[in-house]
Amino acid sequence: MDTYGGLVWSLARRYMPSAADAEDATQEIFLEIWKSAARYDSSMGKESTFIATIARRRLIDRVRSSGRRPELQEYDDSLAADPTTVHENAGAVAVDIEVAQRALAQLGEDQREILLLGIVEGMTHSEIAMETGKPLGTVKTQMRRGLIRLRELLDHADEDPVTEAKP
């Protein structure tokens, strides 16, 4: 750590958004180096190259995984609606709900089921696959195609709301 701490720290600061994240990453990197020390072969390169490679890979993994996690936001109580009050745009919301229901009705049964499980129930692709008994790849494909088709239907409804709202 004394010899290569500066190298790892400088790489971590370059990749991580804050000093605290860089500290966590540095600790994780040195643990990985400790576990991987037996793999080092001096005929393949210098120690610093070995350590920098492990550090770089670990940092890239951290950056990628942080991009996948949704960012948490504080809940603002003032935005919570009282369900007993009537909003001035309640009519527009009702129309939006009706348009969304009509668009969903135009999807195939499989796509509609998968979208509802994912959007309404908040299930992951894997959970949907287990629930429906479909292969994971099929669930992902139907979810993606269903969302694309739903977007097309909703875009079309925005262009011509009068004809779309009629039964």
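Here is a short tour of the structure, stop by stop.

Before you click, note that this is a predicted model, where local features need pLDDT of at least 70, side-chain atom pairs count only at pLDDT 80 or more, and totals for chains, interfaces and linings use all residues. Residues are numbered from 1 along each chain as its sequence is written, and side-chain values use heavy atoms, with hydrogens and water left out.

**Stop 1: helix α1**

Select residues 5-15, which make up helix α1 (helices are DSSP runs of H or I, at least four residues, numbered from the N terminus). Colour Gly-5, Val-8, Leu-11 and Ala-12: these are the buried residues of α1 (buried is under 20% relative accessible area, exposed over 50%, partly exposed in between, with a 1.4 Å probe and protein chains only). They sit on the same side of α1, because they cover an arc of only 140° around the axis (the arc is that of the directions from the helix axis to the C-beta atoms). Now turn to the face pointing away from that buried side, where you'll find exposed Gly-6 and Arg-14.

**Stop 2: Arg-58 and its partners**

Arg-58 makes a salt bridge with Glu-28, with the closest N and O atoms 3.5 Å apart (a salt bridge is a side-chain nitrogen of Lys or Arg within 4 Å of a carboxyl oxygen of Asp or Glu). Glu-28 is in helix α2 (residues 19-36) and Arg-58 in α3, so this pair ties together parts 30 residues apart in sequence. Arg-58 also meets Glu-32 in a salt bridge, at 2.5 Å from N to O. Glu-32 lies in α2 as well, so here the linked parts are 26 residues apart. Arg-58 is partly exposed at 23% relative accessibility, and so are Glu-28 at 27% and Glu-32 at 22%.

**Stop 3: helix α7**

Jump to residues 136-159, helix α7, and show Glu-152 and Arg-149, three residues apart and separated by about one helical turn. Their side chains meet in a salt bridge of 3.7 Å, N to O. In total, the structure holds seven salt bridges.

**Stop 4**

Finish on Val-120, in the loop between α5 (109-119) and α6 (125-132). Val-120 is exposed, with a relative accessible area of 59%.

Notes. Helix = DSSP H or I, 4+ residues; strand = E, 2+ residues; numbered from the N terminus.
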